[in-house]
Amino acid sequence: MERLSDDQIKALMGTPEYNQSHLFTADSDHATIIQQLKYFDRNYPGGIKNYIARARRLLVDSATGVNPLEGWSPSAPESQLVSPELNLDEFLSLEQEGLSEIAHSGIVLVAGGLGERLGYSSIKIGLPVELVTETCFLKLFIESILALQERSGTHIPLAIMTSEDTHDRTVDLIKTLGHEEYTSTIYLMKQEKVPAIIDNEGRFALEKGQLSGKPHGHGDVHILLYQHGIAQKWLSEGKKWVMFIQDTNPLPFKVFASALGVSKKNNFAMNFLGVPRIPKESMGGVARLTKPGENDLIVCVEYNIIDTLMKSSGHPGDISNRELGVGTPLTADFSPFPGNINTLLFNLPSYVNALQRTGGTMPEFVNPKYADATKTVFKSATRLECLMQDFSKMFNPDEKAGFTMYDRWISFTAVKNSLADAVQKVQQGLDPWSAGMGENDYYYCNNKLLQLAGANIEPPNQTETFSGITYKFPAKIVLHPSFAVSLSELRSKVQGRWDISARSVLILEGKNTVVNGLKSDGFLHITSSQENVEKTDGVVPRYVPVEENDKEYLKIRGFKMIHV
Ligand code: UGB
C-alpha cells in the first residue's frame, strides 16, 4: 500500500475485498485516513486485506453462533494444588526447588490495556497497590525482581508490553521509580492497534472523521517478543524460564518460586497458575479438551465462551460443581474448570521453539456487543482480539502444558473494575476486583504469610463500608520484597513471639532484617534487625471516605488514608 497514490488507495478501498468506501465522506479527513490505512496495513500480518477477511469469517461465525470449540469435549485438567496451609512441607520444598531456578528466569509484564472497566484515565501499573506506602504496581514488581536478583546473584530481565495508550506514560513512570541501574535495562515493546469494526462486513469505524483503532489484545505479546528477538536473546544468555504477569495483580511473586518448582518437577513447557474459579467470573477457565483423532489440548476457555462450550457439550452452562452434581463439598461452589489468572510460566527453550515455528501469531476472536437478536448491529465498535494464554495451543504434542492450583489469597487479586461495577460483582457473589479490595487482598496475603511464619495476628474485627463496598481490613501489613522473597525466608525472619493487633500498620523491609519478638498495636516501620520491638500506643492511620476534590487513584477506591 506504501507505493500506491492516495487515489489508488481510495479505489482499492472500494473493491469488495475491502469495502471501505464509506470512510471517504465529505467531512472525513481523507489525508489522515490514508495515513492510518497505511499504518494499519504495515502493522498487521498480511495487511488490512487479511484483517478484513479474518474479521468477516469470525463475525459470520459469531452471528450464526458457531462454537469455535465445536466437537471438543471439555474436562477439568489434572492440577496440582499447592497450598502452604494444606501441606507446608511440600510448599517449602517446591520453593527451594524453584529458588535454584530463579537465576535463570526472565519476566514479561503485559501492560498495554487501558483501565476502561476501571474507570481510570491513566496507566494501571502506576496505581498504588496500597495506601500505607503508596508503592505502585510497577515499583512492586521491580523491587520484587531486585530482591530476587540480590539472592540469585544474576540479572533477571524484565520486558514490558505497552500500547499506544500506555507507552509514553509508562516511560515517564519508570523515570520516577529510582533503581536506575535496573530500570535502564527494562525492555519496552509497543503493541499496535487494529482498526475498530462497525458491522459484519468488517467495515472500519470512523471517529471524529478519522479511523478508530483498538488494542488487539494481550496475545500480541508473543509476536512482539519474537519480532524484538527478546525471548531468543534471553535463551542465548542461558535463561530457562519466563514468567508472564499482568498489570494489577500484586501477588505473582508470592508464588513464583513454588511455581517454578512445580514446572521443573513436571517438566512443563507451560504452567498455568490458577485458582478455583467462581462460575460467571470474568476469568478464563482452564480445560483439557479432547476430540477423537486429535491430540488433547490444555487451553484457557475465555470467560465469554465458557457458557457456549459447556452447553455445546451437554451441560447447562457456566455453573458450579454442585449444580453439575460433581466434585466434593470443598469444590461445590466452584466451576469444574480452574480459573486462569494469566500468570503463565514457560520453559524458555520450548517457548522459543514454538515461537520460531509460529512467529508468535495467536488465534483471534471477536466479541461484538450486538444491539439486538438479529446480530447485525453492534452497540459499539468491535475488533479482532487475541489472548496471551492461547500460546498453550502452539506446543508440540509431546510438550506438556500443566496447571498449578493455588489458593486465591496467596496468588491472585486484580484491580479491574470501577466502584459501580464492583458493587454489582459483589451483589452477584463475585469478587469485586476493585482498587480497594485489591489493597485489602494484598494485606490479607501478608497477614496469612506472617501467620504461617509463626506470628499471632488478631483477626479483623470491624467492618468499614466505602462507596457501597464493605471491607473487613486485616492488619495493614506491607512486606517489602527486600524482607523476604519466599515463605521459607520469611519464616527465618520471624523470631520469638510476635503479637499483632487487627488495627496495626506494619512495614517490614531489609534483606538482613530479623525481628526477634514483636508486640504491635500501632504503626511500625522496621528496616533493620531488632529485638523485642513494642509499639502499643494505638496510634494508627485510618481510612476515611474520599471527597470530590481527591485524586482519581483515591476516588476509584472510595477511601483515603489519614495519618492522625
Ligand atoms: N493487556 C495488554 O497488554 N494489551 C491488550 O490489548 C489488552 C490487555 P485485562 P482480561 O485477570 O483473571 C485476562 O483486560 O483480558 C494487558 C485473561 O484473559 O485486565 O479481561 C492488560 O494491561 C482472563 O483469562 O483482563 O482477562 C492486563 O495487564 C483472566 O486471566 C492484562 O493484559 C483475567 O485476565 C489482562 O487484561 C484475570
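## Helices H2 and H3

In H2, the residues Leu37, Phe40 and Asp41 meet Gly47, Ile48 and Lys49 of H3; contact here means heavy atoms within 4.5 Å. By class, this contact of H2 with H3 has three nonpolar, one polar and two charged residues. Ala, Val, Leu, Ile, Met, Phe, Trp, Tyr, Cys and Pro count as nonpolar, Asp, Glu, Lys and Arg as charged, and the others, Gly among them, as polar. Helices (H or I, at least four residues) and strands (E, at least two) are DSSP runs, numbered from the N terminus.

The axes of helix H2 (residues 30–43) and helix H3 (residues 47–63) cross at roughly 80 degrees and come within 6 Å. That makes H2 roughly perpendicular to H3. Axes are lines fitted to C-alpha atoms, for helices over the stretch in contact, and angles run from 0 to 180 degrees between N-to-C directions. Angles under 35 degrees count as roughly parallel, over 145 as roughly antiparallel, 65 to 115 as roughly perpendicular and the rest as oblique.

## Basis of the model

This is a predicted model, in which local features need pLDDT of at least 70 and side-chain atom pairs count only at pLDDT 80 or more, while totals for chains, interfaces and linings use all residues. Residues are numbered from 1 along each chain as its sequence is written, and side-chain values use heavy atoms, with hydrogens and water left out.

Strand E17 (residues 401–406) is mostly covered, with six of its six residues buried. Buried means under 20% relative accessible area, exposed over 50%, and partly exposed in between (1.4 Å probe, protein chains only). In a regular strand the side chains alternate between the two faces of the sheet. From E17, Ala401, Phe403 and Met405 point one way, and Gly402, Thr404 and Tyr406 the other way.

Strand E2 (residues 80–82) runs parallel to E17 and is joined to it by three bridges; two strands pair if DSSP finds at least two bridges between them. Glutamine 80 has threonine 404 as its bridge partner in E17. Strand E11 (residues 270–275) is also parallel to E17, with five bridges joining the two. Here phenylalanine 272 stands opposite phenylalanine 403.

## Helix H13

The buried residues of helix H13 (residues 348–358) are Leu348, Ser350, Tyr351, Val352, Ala354 and Leu355. They pack against helix H8 (220–227), helix H9 (230–236), strand E10 (241–245) and strand E14 (339–347).

At the start of H13, a side-chain oxygen of asparagine 347 comes to within 2.9 Å of the backbone nitrogen of serine 350. Glycine 359 follows H13 and has a positive phi, near 75 degrees.

## Threonine 413

Threonine 413 sits in the loop between helix H14 (408–411) and helix H15 (419–427). Its relative accessibility is 3%, so threonine 413 counts as buried. Not counting residues up to four places away in sequence, threonine 413 touches Thr248, Asn249, Pro250, Leu251, Met437, Gly438 and Asp441.

The side chains of threonine 413 and aspartate 441 make a polar contact (2.6 Å). A polar contact is a pair of N or O atoms within 3.5 Å; within protein, one must be able to donate a hydrogen and the other to accept it, and residues adjacent in sequence count only if both atoms are side-chain atoms. Leucine 251 is 162 residues from threonine 413 in sequence, and 7.3 Å in space, C-alpha to C-alpha.

## Leucine 419 and arginine 557

Leucine 419 is found in helix H15 and counts as buried at 15% relative accessibility. Leaving aside neighbours within four places in sequence, the contacts of leucine 419 include Ser467, Ile469 and Arg557.

Arginine 557 lies in the loop between helix H18 (552–555) and strand E28 (559–562). With a relative accessible area of 1%, arginine 557 is buried. The side chain of arginine 557 reaches the backbone oxygen of proline 128 at 3.0 Å. Beyond four places in sequence, the residues that arginine 557 touches include Glu130, Leu419, Glu439 and Tyr471.

Four strands form an open sheet with parallel pairing, in the order E18-E22-E24-E26. Strand E18 (456–457) and strand E26 (530–535) stand at the edges, each with a single partner strand, so one side of each has no neighbour in the sheet. Two bridges join E18 to strand E22 (residues 494–500), and asparagine 456 has aspartate 499 as its bridge partner in E22.

Another open sheet, of three strands, has the order E21-E23-E25 and parallel pairing. Its edge strands are strand E21 (476–479) and strand E25 (523–526). Between E21 and strand E23 (residues 505–508) there are four bridges, and valine 478 stands opposite isoleucine 507 in E23. Helix H16 (residues 435–452) lies across E21 and E23, at about 75 degrees to E21.
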